[in-house]
Amino acid sequence: MTLEKFAMTTDEPTWFTQKRQASFELIDKLPLPKMQRFNFSNWQLTPSTEAIIKTNVPTTCDDYILMDIFDAMTAYPEMIQKYFMNKVIKSDENKLTAYHTAYMNQGIFLYVPENTVVQKPIEIELKQNSNQPFVSHILIVAGENSKFSFIQRTRTEGDAKSVANCVVEVMAMPNSEVRYAAVDEMGENVTSYLSRRAYVDQNAYVDWSIGLMNSGDTVADFDTDLFGEGAHSEIKVVDITSGQQQEGVNTRVTNYGKHSIGNINQRGVIMDRSRLIFNGIGHIIKGASGANAEQQNRVMMMSSKAHGDANPILLIDENDVLAGHAASVGQVDQRQLYYLMSRGIDKKTAQRMVIRGFLGDVLVSIPSKAIREELVQTIERKLADGQTIATNS
């Protein structure tokens, strides 16, 4: 489908069609995102797409606005134009952000006004039809002094070979509090690019809890920019890979504001012949005095044929700061297995118990009980459906 037909299908505003066209012209000129120790240059991540998918969500609510992003372009044009791929993430950052802007075919807009506290979590579920590229955008604007939780579930329907390019932008105004939780379950034949980023203003707080349960190859880019003084973010990532799956995950926090705090906690389990790369990146900019950047990146390998890396990266341009990291890559603790098996537990069950214990440190810190329970169920299902787990194969 041409960009002109896209515009006719969605009745989108002129400014957005022009933004699509400008991004389309940049796709072949821009580089891919940088990923330490992970090469995905030969992946097919930029196919053309032929369908616009309307998202069936409520258009009004007493406390907030949640609606299809194409409808929001008409209802709230100034806000969409101000923030869509313009302030949090730029369209021209790399080849995949340009592709996303040019071919975005589904999206959701959430706006929580200032001084609004939403008691119940705001929940959405996105389903990808594997017969079409899935180019999905979620734009979240948290007004000043607002407070809410947002839960996203994304799943693939069908087993056709396809591509997913999903972007989440969070604009957290001063003193706002956003708790974002997600469970991603893209299909085995889906190659995915996932980008999630927050712009965190003065004394605002953004909590990310992400369960990467995809079955296909994935490159993920999770960024938080702490621009305001006292801005704070916690990022928790749980990941399981199996089969011959390849996954690279960049999780970055950049401290721009004074006394800003950014913590990263990533746990991954690698089975069979799969590969998982965790890059944890903490960057404290010159002038961000009193900032704090801490991270943990830990990977457990359940097979001798699996490959994992946990790469902590600290970039410190200011003296008066706190920063630290921990990283580990290793196989399952044989003493733990021996202890469990000596109590009459079979080896596979014992291995799964060790995995749950390894991931537990991150799981218990996820604020959403619903997401915690769903992640545990998804982890159990992925372990049960995967190939035979072996510490030495």
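Select Tyr199: its relative accessibility is 15%, so Tyr199 counts as buried (under 20% relative accessible area; exposed is over 50%, partly exposed in between, with a 1.4 Å probe and protein chains only). This is a predicted model, where local features need pLDDT of at least 70, side-chain atom pairs count only at pLDDT 80 or more, and totals for chains, interfaces and linings use all residues. Residues are numbered from 1 along each chain as its sequence is written, and side-chain values use heavy atoms, leaving out hydrogens and water.

Phe227 is partly exposed, at 34% relative accessible area. Tyr199 and Phe227 form a stacked aromatic pair, 4.4 Å centre to centre with 20 degrees between the planes. (Rings of Phe, Tyr and Trp, its six-membered ring, pair if their centres lie within 6.5 Å; planes under 30 degrees apart are stacked, over 60 edge-to-face, the rest tilted.)

Next, select Phe150 and Tyr180. Their ring centres are 5.9 Å apart and their planes at 20 degrees, so this pair is stacked too. Phe150 sits in strand S5 and Tyr180 in strand S7 (residues 177–185), 30 residues apart. (Strands are DSSP runs of E, at least two residues, numbered from the N terminus.) Phe150 is buried at 0%, and Tyr180 is buried at 1%.

Move to strand S3, residues 122–129. (Two strands pair if DSSP finds at least two bridges between them.) Ile124 stands opposite Gln152 in S5.

Finish with Trp15, Phe16 and Phe84, which form one aromatic cluster.

Key
Helix = DSSP H or I, 4+ residues; strand = E, 2+ residues; numbered from the N terminus.
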